[in-house]
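Hello,

I am passing a structure on to you, and I hope you enjoy looking through it. Below it you will find some notes on what turned up.

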Amino acid sequence: MLARFDRLERLYKAIKLVRPVDLNVSRTVENMLEGAGISVAERSVLELLCEEPLTVPEAARRLSMKRQFVQRVAAGLIGKRLIEKRPNPEHRRAYFCAPSPAGRDLFNAVHRRELEMLHAVLGDINQTEVVVALRVMARIDAAFEALARR
């Protein structure tokens with residue numbers, strides 16, 4: 001007997017995997033950060049700021065996190081001298097956060113280790129599979145972000 005292919009049920013199963021995948025990735029990243037002196041949340045904020053300087057509210061929006069949480073994480077990174085405040089000509093109080101040289105070096109070292117681990121455990125996934133997965137995950141994220149704003 002042939003099993004019926006239900007596209008929406010398969011999509012549902014893919015979405016159901018997001019939480020365990022996220023938890024397992026977070027646990028792995030947390031283990032890899034041991035000794036680096038930063039948490040998973042700090043690593044996420046630092047990565048974003050290495051791409052471009054942002055205000056805390058901008059960073060919070062991009063990470064889909066609460067502004068207050070990102071503010072606490074940023075304050076911790078400032079205290080560790082991994083990011084620094086820069087003036088924002090458009091707003092006196094909403095300063096830009098940017099990585100310090102030490103912060104950029106730390107993120108680059110952490111990211112290099114992550115890429116080495118990815119190559120070791122998932123290096124057999126081909127480029128086409130990655131492109132399709134990115135496209136599907138981006139569509140799912142955009143759809144649920146719109147739904148969450150309602």
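Which helix does E114 lie in? E114 belongs to helix α5, which covers residues 101–122. Please keep in mind that this is a predicted model.

Let me stay with E114 for a moment. Its relative accessible area is 8%, and buried means under 20%, so E114 is buried. Setting aside residues up to four places away in sequence, E114 touches V29, M32 and R43.

Next, the nonpolar core. The largest one has 24 residues, and I38, L46, L77, I83 and C97 are those with the most contacts inside it. At least two residues of this core come from each of α2 (40–51), α3, α4 and α5. The largest share, six residues, is supplied by α2. As a general point, nonpolar side chains in soluble globular proteins tend to be buried together.

Apart from neighbours within four places in sequence, L46 is in contact with I38, L77, L82, I83, P99, G103 and F107.

Finally, have a look at two loop residues. S64 sits in the loop between α3 (56–63) and α4 (67–79), and R81 is in the loop between α4 and β1 (83–86). Phi is positive at S64, near 55°, and also positive at R81, near 60°; S64 is a residue other than glycine, and so is R81. S64 counts as exposed because its relative accessibility is 61%, while R81 is exposed with a relative accessible area of 67%.

Best wishes

Terms used. Residues are numbered from 1 along each chain as its sequence is written. This is a predicted model: local features need pLDDT of at least 70, side-chain atom pairs count only at pLDDT 80 or more; totals for chains, interfaces and linings use all residues. Side-chain values use heavy atoms; hydrogens and water are left out. Helices (H or I, at least four residues) and strands (E, at least two) are DSSP runs, numbered from the N terminus. Buried means under 20% relative accessible area, exposed over 50%, partly exposed in between (1.4 Å probe, protein chains only). Contact means heavy atoms within 4.5 Å. A nonpolar core is a set of buried Ala, Val, Leu, Ile, Met, Phe, Trp, Tyr and Cys residues joined through side-chain atoms within 4.5 Å.
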